[in-house]
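User: Hi! Could you walk me through this model before I set anything up?
Analyst: Happy to. Here it is.

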Amino acid sequence: MLDWFFADGAIWFAIPALFGTGLFLIQLLMGELGGDFDIDADIDMDTSGAGDFHALSIQTIAAFCLGSGWMGLAAYRVLDLGMIGSVAVAVVSGVGVAWFMTYLTRQVFKLQRSGNISISSAAGLSGDVAVTVPPANAGRGAVSVVINGTRREYDAVQAGDEPIPPRTSVKIVSTDAQNNTLMVERA
């Protein structure tokens with residue numbers, strides 16, 4: 001069994017495969033246990049002033065070693081492509097797996113959004129009454145408003161004499177951040 005991994009030049013593929021698999025498993029276990037195993041080794045490349053390019057990290061190195069090692073070993077032992085063919089398969093596979101890992105990580109990071117939205121961002125927007133807004137000085141209602149693509153519901157008051165029923169469009173005149181309340185009027 002060990003000869004299959006380490007004899008006849010297969011060691012050039014087995015060592016990266018085992019190294020990449022070990023790094024991947026350590027990261028997986030540390031992530032599940034709440035530990036932090038990230039070593040910042042990113043390379044910043046400014047290409048045409050468009051921004052930073054973070055491609056080299058422990059995750060991409062582990063992905064490259066894992067993909068190139070196992071695919072190179074399979075090409076060498078199973079497909080019997082010889083050393084040059086197996087190295088080509090290993091390099092292409094390693095780059096492909098590393099690219100896919102980088103792409104996947106970037107897509108996951110795009111899903112992260114800050115949930116902090118300032119109520120003052122609602123001033124001047126339109127919303128819909130969710131709970132009847134009573135006349136001035138008679139209590140609070142509730143208004144639903146979309147701020148930065150996120151629907152929020154806030155307490156609302158008005159200066160008018162007539163209650164504003166649910167599903168009525170309103171304009172947000174001002175905000176009170178301390179009381180987390182909107183001042184609204186009929187749209």
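**A walk through the model**

Analyst: Of the protein's 187 residues, 27% count as buried. Keep in mind that this is a predicted model.

User: Got it. How many helices and strands are there in the protein?
Analyst: There are 4 helices and 5 strands. Starting from the N terminus, the order of the elements is α-α-α-α-β-β-β-β-β.

User: Which residues make the nonpolar surface patch?
Analyst: That patch is made by Leu2, Phe6, Ile11, Trp12, Ile15, Leu18, Phe64, Trp70, Met83, Val87, Val91 and Val95, and covers about 1,100 Å². At least two of its residues come from each of α1 (2-6), α2 (11-33), α3 (58-77) and α4 (82-110).

User: Take Phe6, then. Where is it found, and why does it count as partly exposed?
Analyst: Phe6 sits in helix α1. Its relative accessibility is 34%, and partly exposed covers the range between the buried limit of 20% and the exposed limit of 50%, so that is the class it gets.

User: How far apart are the C-alpha atoms of Phe64 and Gly96?
Analyst: They are separated by 7.9 Å, and the two residues are 32 residues apart along the chain. Gly96 belongs to helix α4 and is partly exposed, at a relative accessible area of 35%.

User: Let's look at α3. What span should its 20 residues have?
Analyst: At 1.5 Å a residue, α3 should span 28 Å, and its end C-alpha atoms are 28 Å apart, so the two agree.

User: Which of its residues are buried?
Analyst: The buried ones in α3 include Ile58, Thr60, Cys65, Gly69, Leu73 and Tyr76. Among the elements covering the buried residues of α3 are α1, α2 and α4.

User: Switching topic: what about the largest nonpolar core?
Analyst: It has 15 residues, and those with the most contacts inside it are Val133, Val143, Tyr154, Leu182 and Val184. Two or more residues each come from β2 (141-147), β3 (150-158), β4 (169-176) and β5 (181-186). The element giving the most is β2, with 3 residues.

User: What does Val133 touch?
Analyst: Leaving out residues up to four places away in sequence, Val133 touches Gly141, Ala142, Val143, Ala156, Val157, Gln158, Pro163, Ile164 and Val184. Apart from that core lies another one of 7 residues, including Phe13, Ala14, Leu73 and Ala90.

User: Now the charged pairs. How many salt bridges does the count come to?
Analyst: The count is 2 salt bridges. In one of them, Arg77 pairs with Asp8, and the closest N and O atoms are 3.9 Å apart. This pair links distant parts of the chain, with Arg77 in helix α3 and Asp8 in the loop between α1 and α2, 69 residues apart.

User: Are those two buried or exposed?
Analyst: Arg77 is partly exposed at 22% relative accessibility, whereas Asp8 is exposed at 59%.

User: And which side chains meet in a salt bridge at 3.4 Å?
Analyst: Those are the side chains of Asp155 and Arg140, with the 3.4 Å taken N to O. Asp155 lies in strand β3 and Arg140 in the loop between β1 (126-131) and β2, so the pair ties together parts 15 residues apart in sequence. Asp155 is partly exposed at 34% relative accessibility, and Arg140 is partly exposed at 44%.

Note on methods. Residues are numbered from 1 along each chain as its sequence is written. This is a predicted model: local features need pLDDT of at least 70, side-chain atom pairs count only at pLDDT 80 or more; totals for chains, interfaces and linings use all residues. Side-chain values use heavy atoms; hydrogens and water are left out. Patches are made of residues with over 30% relative accessible area and no salt bridge: like charges are joined within 9 Å, nonpolar side chains (Val, Leu, Ile, Met, Phe, Trp, Tyr) within 5 Å. Accessible areas come from the Shrake-Rupley method with a 1.4 Å probe; for residues, only the protein chains shown count as cover. A salt bridge is a side-chain nitrogen of Lys or Arg within 4 Å of a carboxyl oxygen of Asp or Glu. Buried means under 20% relative accessible area, exposed over 50%, partly exposed in between (1.4 Å probe, protein chains only). A nonpolar core is a set of buried Ala, Val, Leu, Ile, Met, Phe, Trp, Tyr and Cys residues joined through side-chain atoms within 4.5 Å. Contact means heavy atoms within 4.5 Å. The expected span of a helix is 1.5 Å times one less than its number of residues.
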